[in-house]
Amino acid sequence: MPSESAPTPAWTVLGRADSEADAPVVRDHRVTVVDLGPDGEEIGRTTLAEAALPDLVRDREGGAGPGASPPRWVVSDTPKWYPVLLASGVRIDRAHDLRLAHAILARSSLVTDRSALTAADEWDAGPVTAPAVGQAETLFDVAGGRGHVKEVPHGIAAALAEFARQQAAVGTASDPGRLRLLLAAESAGGLVAAEMHAAGVPWDVAEHERILADLLGPRPAAGAKPAKMLAAAEEVRTALDDPNVSLDSPTRLLPALRNAGINVSSTSKWELAESTHPAIEPLLRYKKMARLLSANGWHWLAEWVAEGRYRPVYVPGGVVTGRWAASGGGALQIPRQLRPALRADDGWTLISADVAQLEPRALAAMSGDRAMAEAGSGRDLYSGLVDEGIVATRQEAKIAVLGAMYGSTTGEAGRLVPRLRQSFPAAMRLVDTAAEEGRRGGVVTTWLGRTSPEPGEGWRRVQSRADQIDATPHDENRARRAAGDWGRFTRNFVVQGTAAEWALAWLADLRLRLAQLPEIEGSPATASGPAFSRRAHLVFFLHDEVIVHAPEAHAEAAADAIREAAASAGRLLFSGAPVDFPLDLTIGERAAAK
DNA sequence: AGATATTCCATG
DNA sequence: GGAACATGGAATATCT
């Protein structure tokens, strides 16, 4: 440990003590803590029992004197290290997650020499599957989750070597500042993900059950279907004059529909909705109920909500574009019908905020398209297109803008997108160029430096077959289609990926601002865990929206933090660009329907 | 029987 | 013959 005269470390690397990295499972593991100076030189090292780690981290985070800032903690994989700290009530300000950083740097086109990173492919691994809350009392005894997912190395020597490789790679980058920003934001995302899992979404089981009873009928016996579903099913069978058909099996339902004269090629709802047959209305009603029951019914409640908290596992960087993935209870698909079940603890309130039209704004900012920025300035971007006479209605504006970002070429979008090309040439040039690069099999890169994957072997085979002398029209069509698909992917990648970077910067800034808010007096929100029960904290994040659980007395301060963080994210990524990122923010009541 | 694919629908 | 991006998850269908 550094003495008082030692320089303040810029980074502090955590790793399992190497003497036991390959040792069989023993109790009382040891952790080595290495302090690095601003140039990466080692300035201190200590080894301690795993159980002593939370106290050391707490000291370094909070005990640093005035003027001294806590280090940026360098860890192999945040879900390996952070849950035990959180369980001890210790949160950290800043981190560098080696696994997440490796995934970015080993692919980023901004890095001039990636060879050392690509050679270190032991760092090309998935995240540790977090142990259940309450079972995270040790770092190394828990033999991982289910399955045999490869983990990154956790030893101190491996961590130091990888960190050095990463620093060197960033140093060679054409724009190191952007990459550093991305790595800091990505790592902060790792911290937020662990924190939100530990805190949990406050969930009102009684309200959820009330919604279920309202929409489906009383809770049925195990295995039985709710009364309202049974009734709707009977209506369908009567209308089809087919007393036994199963509504749950598309392969059996489809011929039954056709026998009744309903000419459809699938049982999906948008196709069914075109028919006026009397069986359609109850069938759509049935399907909606079936979906609610299987995805978020009583079974979901029992499995995913405990002690008033829903705790999904968030997976930062889980999507190639940089968006988060999630697993456990379908956190990315919580239906809006159930939003009323998100309910603050007594004396607390929920604040939800989402960014209006994040992706087109990110596109306007990164492309420097002043006209597009102007269309969204201080107002709904879609209405801006109408005001400026580019399209006639808000609905048309939405179709045109989404079509431009997704690469639509047919139908209404095909008709409207060209108008955007005329009005917003810079923005359209950016996405058109990205699409062209993808069609050629190249890669594209987001604003901060996340690079798209290269197309797979199968894609290349299809392309080269179409170039053979004996290629058939079928081969050529297939190649053209695959090229178009990949072009739409890269077109969207730069926009979705840059929007994800803005959202990460927002989150990263927000969590630090929230940590500055005061703690409450009186009884804490105990279900949220020791690190969050006394202060406003993030409980939910989904691409462009956040929900904060805050003591009522601090609700306005937390709302300000959310707004300030959004403004700060815009400046941090696009300083100087005349693009704003307005929020729809609601305190207390349910989030406004989108 | 168990693994894998398909269909459908929920989210941004 | 295709068609507008990124997901997760349940239920059913199909393959081995």
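Modeller: A residue is called buried when its relative accessible area is under 20%, exposed when it is over 50%, and partly exposed in between. The model is a predicted one. By that cut-off R99, at 10% relative accessibility, counts as buried. Its partner is D77: the two side chains form a salt bridge with an N to O distance of 2.8 Å. R99 belongs to helix α3 (residues 98-105), while D77 sits in the loop between β4 (72-75) and α2 (78-87), so their contact ties together parts 22 residues apart in sequence. D77 also counts as buried, because its relative accessibility is 0%.

A second pair joins D345 to R309, whose side chains meet in a salt bridge at 2.7 Å, N to O. Here D345 is placed in the loop between β10 (325-327) and β11 (348-355), and R309 in strand β8 (residues 309-310); the bridge therefore ties together parts that are 36 residues apart in sequence. R309 is buried at 2% relative accessibility, whereas D345, at 21%, counts as partly exposed.

E436 has a relative accessible area of 30% and is partly exposed; R440 is exposed, with 54%. These two residues also belong to a network of salt bridges that links E436, E437, R439 and R440.

In general, side chains of opposite charge can pair when their charged atoms come close. Across the whole structure, the search finds 37 salt bridges.

Definitions and conventions:
Residues numbered from 1 in each chain as written. Chains lettered and ligands numbered in written order. Predicted model: local features only at pLDDT ≥ 70, side-chain atom pairs only at ≥ 80, totals over all residues. Heavy atoms only, no water. Salt bridge = Lys/Arg side-chain N within 4 Å of Asp/Glu carboxyl O. Helix = DSSP H or I, 4+ residues; strand = E, 2+ residues; numbered from the N terminus. Buried < 20%, exposed > 50% of the residue type's maximum accessible area, 1.4 Å probe, protein only.
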